[in-house]
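Subject: Structure for your review

Dear colleague,

Please find below the structure that I am handing over to you. My notes on what was found in it follow directly after.

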Amino acid sequence: SSGINAEYGAERANPNFGYGTIGTHDWWRGVVRECFLSANLDMRDYQFGFVYEDLFRQFRTSCCWEAYPESGPVLRELRRRGVGVVVTSDFDEGLISLVKELDLPVEGVVVSYVEGVTKPELLALVQDRYGIEMHVGDSERRDYQGACALQGVTPVLLDRTGKQEGKDGVISDLNGLLKLF
């Protein structure tokens, strides 16, 4: 974790997963290298290369990811009610295939790396493209406040920690969306 945090901070020269500079593959290489070094796992370059390539390949498949248990049922129920869902994320292009692999019923996936902008600017792009009326996210600054800045978009903060419980516009899991539609 400290390696990831350090690398995210160190990547300010290559924001948005290396968009327009080094690209996602090399951006993640730097993150993984920093994690290894912070854990005192120093490898020769050729050893690290083999390990990294395997990690990178696996990280881009559903074997390393899972959706929250309520995700599929809630998304299917929203679809049944005529509510379209677009996944919007500050992430790299690998998320597009992951959402398909995880079989999440959504109308689209919009990621910052592909679009070249991050949240909150990414939210305006999604609003223009899909006409969103609500945005649900787990970052108070980038998601909730970002959606507040958009006319006609209701912000919803997803707080799985319970720290914001009881506040207006806050849900603790995706089941909370079913009460809003």
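I begin with Glu115, which is partly exposed, with a relative accessible area of 24%; partly exposed denotes values between buried (under 20% relative accessible area) and exposed (over 50%), computed with a 1.4 Å probe on protein chains only. This is a predicted model, in which local features need pLDDT of at least 70 and side-chain atom pairs count only at pLDDT 80 or more, while totals for chains, interfaces and linings use all residues. Residues are numbered from 1 along each chain as its sequence is written, and side-chain values use heavy atoms, with hydrogens and water left out.

Glu115 forms a salt bridge with Arg129, their closest N and O atoms being 2.9 Å apart; the term requires a side-chain nitrogen of Lys or Arg within 4 Å of a carboxyl oxygen of Asp or Glu. Because Arg129 belongs to helix α8 (residues 121-130) and Glu115 to helix α7 (residues 112-115), the pair ties together parts that are 14 residues apart in sequence. Helices (H or I, at least four residues) and strands (E, at least two) are DSSP runs, numbered from the N terminus. Arg129 is also partly exposed, at 44% relative accessibility.

The whole structure holds 12 salt bridges. One of them joins the side chains of Arg60 and Asp92, at 3.3 Å from N to O. Arg60 sits in the loop between α4 (45-59) and α5 (71-80), and Asp92 in the loop between β1 and α6, so this pair links parts 32 residues apart in sequence. Both Arg60 and Asp92 are buried.

Another salt bridge connects Glu70 with Arg160, with 2.7 Å between the closest N and O atoms. Glu70 lies in the loop between α4 and α5 and Arg160 in the loop between β4 (154-158) and β5 (170-171), so parts 90 residues apart in sequence are tied together. Glu70 is buried at 10% relative accessible area, whereas Arg160 is partly exposed at 30%.

Ser89 stands opposite Val111 in β2. Strand β2 (residues 108-111) is covered on both faces, with Gly108 and Val110 buried on one side and Val109 and Val111 buried on the other.

Yours sincerely

Key
Two strands pair if DSSP finds at least two bridges between them.
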